[in-house]
Amino acid sequence: MSTPGDSREPPQGQQQAPLIEHLIELRMRLVRAVVVVLVVFLGLYAFANDIYSFVAEPLMALLPPGSQMIATEVASPFLAPFKLTLVVAVFIAIPFVLHQAWAFIAPGLYDNEKALAIPLLVSSIALFYAGAAFAYYVVFPLLFAFFTQTGPENVAVMTDINQYLNFVLKLFFAFGLAFEIPIATFLLILSGATSVQSLSQKRPYIFLGCFVIGMLLTPPDVVSQSLLALPMYLLYEVGLLFGRLVRKKREEKAAAEEQES
């Protein structure tokens, strides 16, 4: 017989069953995400060269007439569009992939956490897409104009397609992640890890840190670093603004509840 203070653990099978069920569900959702990425990739593969041409357009539009990109490796004409199409497939499938992740963790969340997590998830996806669009439509034209116009006159710009792809993908993900700063700032304030006042006092350090991050994530030139650092800082201010508004509403709600009680 067991006593009230008996702390014996339940049988091993009862402990392992929930873990096995969670692992099975995790595997199922990972398989779904991979299948969707592959389906999107197969649907886009026929347009792989067109997709690469679209991504290369900001540079091609600035090259002198008759100039073109080159391939310095034998397999580059095939591998570069293939790699880009796969990345685009993942990019398009991100909402579904994150939905699978959300469906896996949602049962363990409280109702108030679910109500907050859904807007954060949607806004995170939208901000990542906005960062990539900002890089393509704003940063690339300015950056490539600077690169193509500042070189020596006797040097012909003939960019390798694989090197160009690596360059633009790095910038796409750098700006996509940088645009997540409002979400990160908002969560830090909401969780109580820091306060609006504390973050406001650290503005000079944040401003300097944005340029350091821009230096690490972008090519070694002042233009691209500034084009990443300045939006990062502005987005940081946006996160502070929303954090301040939410904290104020929570304080007003708590004060109203105290008065009612």
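Within what distance do the axes of H2 and H5 come, and at roughly what angle do they cross?

Mentor: The model is predicted, with pLDDT of at least 70 required for local features and 80 or more for side-chain atom pairs, while totals for chains, interfaces and linings use all residues. Residues are numbered from 1 along each chain as its sequence is written, and side-chain values use heavy atoms, leaving out hydrogens and water.

The axes of H2 and H5 come within 11 Å and cross at roughly 85 degrees. Axes here are lines fitted to C-alpha atoms, for helices over the stretch in contact, and angles between N-to-C directions run from 0 to 180 degrees. Helices (H or I, at least four residues) and strands (E, at least two) are DSSP runs numbered from the N terminus. At that angle, H2 and H5 are therefore roughly perpendicular to each other. The classes are roughly parallel under 35 degrees, roughly antiparallel over 145, roughly perpendicular from 65 to 115, and oblique for the rest.

H2 brings Tyr-52, Val-55, Ala-56, Pro-58 and Leu-59 to the contact, and H5 brings Ile-161, Asn-162, Tyr-164, Leu-165, Val-168 and Phe-172. Contact means heavy atoms within 4.5 Å. By class, the residues of this contact are 10 nonpolar, 1 polar and no charged. Nonpolar covers Ala, Val, Leu, Ile, Met, Phe, Trp, Tyr, Cys and Pro, charged covers Asp, Glu, Lys and Arg, and the others, Gly among them, are polar.

H3 packs against both of these helices. With H2, the angle is about 85 degrees and the axes are 9 Å apart; H2 and H3 are therefore roughly perpendicular to each other. Ala-48, Asn-49, Ile-51, Tyr-52 and Val-55 in H2 meet Ala-80, Pro-81, Leu-84, Thr-85 and Val-88 in H3. That contact divides into 8 nonpolar residues, 2 polar and no charged.

With H5 (residues 161–178), the axis of H3 (residues 76–105) comes within 9 Å and crosses at roughly 15 degrees, so H3 and H5 are roughly parallel to each other. H3 passes H5 in a left-handed crossing. A crossing is left-handed if the near helix is turned anticlockwise from the far one by less than a right angle, and right-handed if clockwise. On the H3 side are Ser-76, Pro-77, Ala-80, Lys-83, Leu-84 and Val-87, and they meet Ile-161, Asn-162, Leu-165, Asn-166, Leu-169 and Phe-173 in H5. The residues of this contact are 8 nonpolar, 3 polar and 1 charged.

Leu-79 is also in H3. At 44% relative accessibility, Leu-79 counts as partly exposed. Buried means under 20% relative accessible area, exposed over 50%, and partly exposed in between (1.4 Å probe, protein chains only). Leu-79 and Asn-162 are 83 residues apart in sequence, with their C-alpha atoms 8.1 Å apart in space.

Next, the core. The largest nonpolar core has 46 residues, and those with the most contacts inside it are Tyr-52, Phe-140, Tyr-164, Val-168, Phe-172 and Phe-175. Such a core is a set of buried Ala, Val, Leu, Ile, Met, Phe, Trp, Tyr and Cys residues joined through side-chain atoms within 4.5 Å. Elements giving two or more residues to this core include H2 (48–60), H3, H4 (111–150) and H5. H5 gives the largest share, 10 residues. In soluble globular proteins, nonpolar side chains tend to be buried together. Leaving aside neighbours within four places in sequence, Phe-140 is in contact with Pro-58, Ala-135, Ala-145, Val-168, Leu-171 and Phe-172.

At 17% relative accessibility, Glu-180 counts as buried.

Among contacts between residues at least 6 apart in sequence, 83% join residues at least 24 apart.
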